[in-house]
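Please walk me through this structure.

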Amino acid sequence: MSAPAPTTDALVVGGGPAGLALAAELARRNLSVRVVAPHAPRPFPATYGAWQADLPAWAQACAAQVWSDVRVYTGRDPAAAPTPLLRPYALLDNAELLGQLCRRAGSGLTWTRGRVTGAARRGETWAVTGADGETWRARLVVDASGHGGLLRPTRFPGGAAFQTAYGVVARFRRPPAAPGSMVWMDYRTPAPTRGEATFLYAMHLGGDRYFVEETSLIARPGLTRAALAARLHARLEAQGTPPGEIESEEWVSFPMNAAAPDPGGVLAFGSAAGGVHPVSGFQVSGALREAPGVAAAVAGALARGEDAAAAGWAALWPGERRAAREVQLLGVRALLTLPPAALPEFFRSFFALPPAQWQAFLDPHTGAGALARTMLRLFAAAPGSVRLPLARAALGEPGASGRALRAAARPVSPEPAAPAPASLKVASPSSHPAGVAGREPGS
């Protein structure tokens, strides 16, 4: 019988970028950390994009490609002109991101292959059990197991609403999007469709290689893989840009409308902690930014003999962020109630706002007051076809709407300046991994 594993300061459940980011920051603070995941360390299989300015400086160096030509199309007419976003967007090199996180962790991290089935408090430490009968002990347990959570189930008000997407990396004889560009959202409809509105998300990867993906921003229930695949290929055929050699496919499905979690003895992080932005679906860049602060709070509490999970929760979900999440969920309710034809008009009004305002709205750290003021400006600028569903959504949540209005009335702090554009960095043909299994759009 093998000897029991030594007790570590922290045990992180999950080997994705969020969990590994927090594990690395804890290890950098001289804590012993065990990561338990079903697989050995490997490049993350999903496609991760982010606004370049939202990434920590060290993570910006992990970009495989950066686009300065970032655009959206919010008109349904195939001849609609693009709206330039003038905000650099990065595609992360997942192998480099993994390598950087492991190097940041150094020797303080132990990676263990296993499947966690439960965790229970045993005196001053936690006993974490594995599917094969293992027991690991730690002073702190972190659930970074992904969407929905394993040890800390996530709450989704009204039921989970999903972002779904199907995409391919392929070679094209004719460009499916403007060469050298990144198309963040294209609501033009070259092929007739019924039901939920979907948009094209596209990246030019260099030469004749493109990543193209048909995306449903949020729906309850989510659109199926078959439906989105059919729409993508119909779109490409209708615009005269069918794919040639397909290198890889990916399928995305994850919930968008997590409520702010209740603190507990197990600390959660990343999407398991409700880290997915309810309007954009971004998560990874936020987790990379949040990991140092949460790790510092945890390390300080452990050094003082205090409740490390409580300290981590306070750092991750302070009161202002909880209030902001309530405002964001009002936005989710509005998006879910908009008729499909109104979604492009909604985003036309959204991206017509001053850049600092829509950028702040997509930032997970923007406060409730700023979010509510942006929503009021958007409501005032939107056409009637959008205003009525938005008003109905607000009236459906009178308590939350009232709190949002009171937050909007608080004194206004100076608006942040919009970041300046960066130059284009062209990736090598291998910068986008083959055989990707799923994407967290824009995250």
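Is the crossing of helix 7 and helix 11 right-handed or left-handed? In this predicted model, the two helices make a right-handed crossing. Helix 7 covers residues 319–337, and helix 11 covers residues 384–395. Their axes come within 9 Å and cross at roughly 130 degrees. Helix 7 is therefore oblique to helix 11. On the helix 7 side, the contact uses R333, A334 and T337. On the helix 11 side, P389, L390 and A393 take part. By class, that contact has four nonpolar, one polar and one charged residues.

Now turn to helix 5 and helix 6. Helix 5 runs over residues 284–304, and helix 6 over residues 308–316. The axes come within 8 Å and cross at roughly 150 degrees. That angle is over 145 degrees, so helix 5 is roughly antiparallel to helix 6. Here too the handedness can be stated: helix 5 passes helix 6 in a right-handed crossing. Helix 5 contributes E290, G293, V294, A297, V298, A301 and L302 to the contact. Helix 6 answers with A308, A311, G312, A315 and L316. Sorted by class, the contact has nine nonpolar, two polar and one charged residues.

From helix 10 come A368, G369, A372, R373 and L376. They meet A404, L405, A407 and A408 of helix 12. The class count is seven nonpolar, one polar and one charged residues.

Next, the interior. In soluble globular proteins, nonpolar side chains tend to be buried together. Which residues touch the most other members of the largest nonpolar core? They are Y89, W184 and F347, in a core of 57 residues. Helix 7 supplies the largest share of this core, with six residues. F347 also shows contacts across the sequence. Leaving aside neighbours within four places, F347 is in contact with T74, M185, Y187, L217 and L335. A second, separate core has 56 residues. Its members include L20, Y48, W111 and A299.

A219 gives a view from a strand. This residue is found in strand 15. At 2% relative accessibility, A219 is buried. Beyond residues up to four places away in sequence, A219 touches A161, F162, E196 and L336. A219 and V332 are 113 residues apart in sequence, yet their C-alpha atoms are 9.7 Å apart in space.

The loops hold some backbone exceptions. Most residues other than glycine have a negative phi, and most peptide bonds are trans. The peptide bond from R220 to P221 is cis, with omega near 0 degrees. P221 is found in the loop between strand 15 (209–219) and helix 4 (225–238).

N30 sits in the loop between helix 1 (17–28) and strand 2 (33–37). Its relative accessible area is 74%, so N30 is exposed. L86 also has a positive phi, of about 55 degrees, although it is not a glycine. The loop that holds L86 lies between strand 6 (83–84) and strand 7 (89–92). With a relative accessible area of 52%, L86 is exposed.

R155 lies in the loop between strand 11 (135–143) and strand 12 (162–172). At 43% relative accessibility, R155 counts as partly exposed.

Conventions:
Residues numbered from 1 in each chain as written. Predicted model: local features only at pLDDT ≥ 70, side-chain atom pairs only at ≥ 80, totals over all residues. Heavy atoms only, no water. Axes fitted to C-alpha atoms, helices over the stretch in contact; angles between N-to-C directions. Helix = DSSP H or I, 4+ residues; strand = E, 2+ residues; numbered from the N terminus. Parallel < 35°, antiparallel > 145°, perpendicular 65-115°, else oblique. Left-handed = near helix turned anticlockwise from the far one by under 90°. Contact = heavy atoms within 4.5 Å. Nonpolar A, V, L, I, M, F, W, Y, C, P; charged D, E, K, R; others polar. Core = buried A, V, L, I, M, F, W, Y, C linked by side-chain atoms within 4.5 Å. Buried < 20%, exposed > 50% of the residue type's maximum accessible area, 1.4 Å probe, protein only.
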